[in-house]
Amino acid sequence: MGLSVTISAADARDAEHILKLQYLCYQSEAELYGDWSIEPLTQSLDALRAELEEGQGLVARLGDEVVASVRARVDEDGTVRIAKLIVHPRMRRHGLGGRLLDAIERHFAEGAATSAPTGTEAAPPVKRFQLFTGHRSEVNLRLYRSKGYAQVATRELGPRLTLVTLEKAA
């Protein structure tokens, strides 16, 4: 009998596993754009821990192994900013990225008031979900569009990379 993938909230104990997975997953993006200085490859463990404390992180586990993750936070205008949706290369093309995206959206749509970090005021009502990816990241763009996201902006970061911002209403 095989193991099934479970999705749960990430916590500080998951940070090191997430960082290692993030480094593995963003190798293909760095190669695609010819830039190994992208933030997901240079992020520190402390910075990742801070992201988990300031927002919400989810992990997908296969047994005890973290095989996918996503992070998000809601800002003061009700925009949920989704970031760093990652899936272990051997687990790709099985719908796990879509499941994580659905789960993080559901978390904020159903419980925005409980999404504020401990000791802060409640988060505002969620109005929209927003994320971004590189213009050459066709697999990512295809997933986001299939989940109802539409392009709302682009921003050129350099000669090889343009960020595509996508969003959808909550």
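**Pockets and salt bridges in a predicted model**

S4 gives the lining of the second largest pocket its largest share, four residues.

Colleague: What kind of model is this?

Modeller: A predicted one.

Colleague: Which residues lie nearest the centre of the second largest pocket?

Modeller: Arg 73, Arg 81, Ile 82, Ala 83 and Phe 132, out of 19 lining residues. The volume of this pocket is about 410 Å³.

Colleague: How do the residues of that lining divide by class?

Modeller: Seven are nonpolar, five polar and seven charged. Arg 81 counts as charged because Arg belongs to that class, with Asp, Glu and Lys.

Colleague: What makes the contact of Arg 81 and Asp 75 a salt bridge?

Modeller: The cut-off is 4 Å from a side-chain nitrogen of Lys or Arg to a carboxyl oxygen of Asp or Glu. Arg 81 and Asp 75 meet at 2.7 Å, N to O, so the pair qualifies.

Colleague: Why is Asp 75 called buried?

Modeller: Its relative accessibility is 7%. Buried means under 20%, so Asp 75 is buried.

Colleague: And Arg 81, why is it called partly exposed?

Modeller: Arg 81 has a relative accessible area of 29%. Exposed would need over 50%, and buried under 20%. The value for Arg 81 falls in between, so the residue is partly exposed.

Colleague: Why does the pair Asp 77 and Arg 128 count as a salt bridge?

Modeller: Their side chains meet at 3.8 Å, N to O. That is within 4 Å, so the pair counts. Asp 77 sits in the loop between S3 and S4, and Arg 128 in strand S5, so the pair ties together parts 51 residues apart in sequence.

Colleague: Why is Arg 128 called partly exposed?

Modeller: Arg 128 stands at 24% relative accessibility. Buried requires under 20%, so Arg 128 is partly exposed. Asp 77, at 34%, is partly exposed too.

Colleague: Which parts of the chain does the salt bridge of Asp 102 and Lys 147 link?

Modeller: The two side chains meet at 3.0 Å, N to O. This pair links distant parts of the chain, 45 residues apart: Asp 102 is in helix H5, Lys 147 in the loop between H6 and S6. Asp 102 is partly exposed at 28%, and Lys 147 is partly exposed at 25%.

Key:
Residues numbered from 1 in each chain as written. Predicted model: local features only at pLDDT ≥ 70, side-chain atom pairs only at ≥ 80, totals over all residues. Heavy atoms only, no water. 1 Å grid on protein atoms, 1.4 Å probe; cavity = no way out; pocket = protein on both sides within 12 Å on 5 of 7 lines; lining within 4 Å. Points joined across faces, edges and corners; volume = space filled by probe spheres on them. Helix = DSSP H or I, 4+ residues; strand = E, 2+ residues; numbered from the N terminus. Buried < 20%, exposed > 50% of the residue type's maximum accessible area, 1.4 Å probe, protein only.
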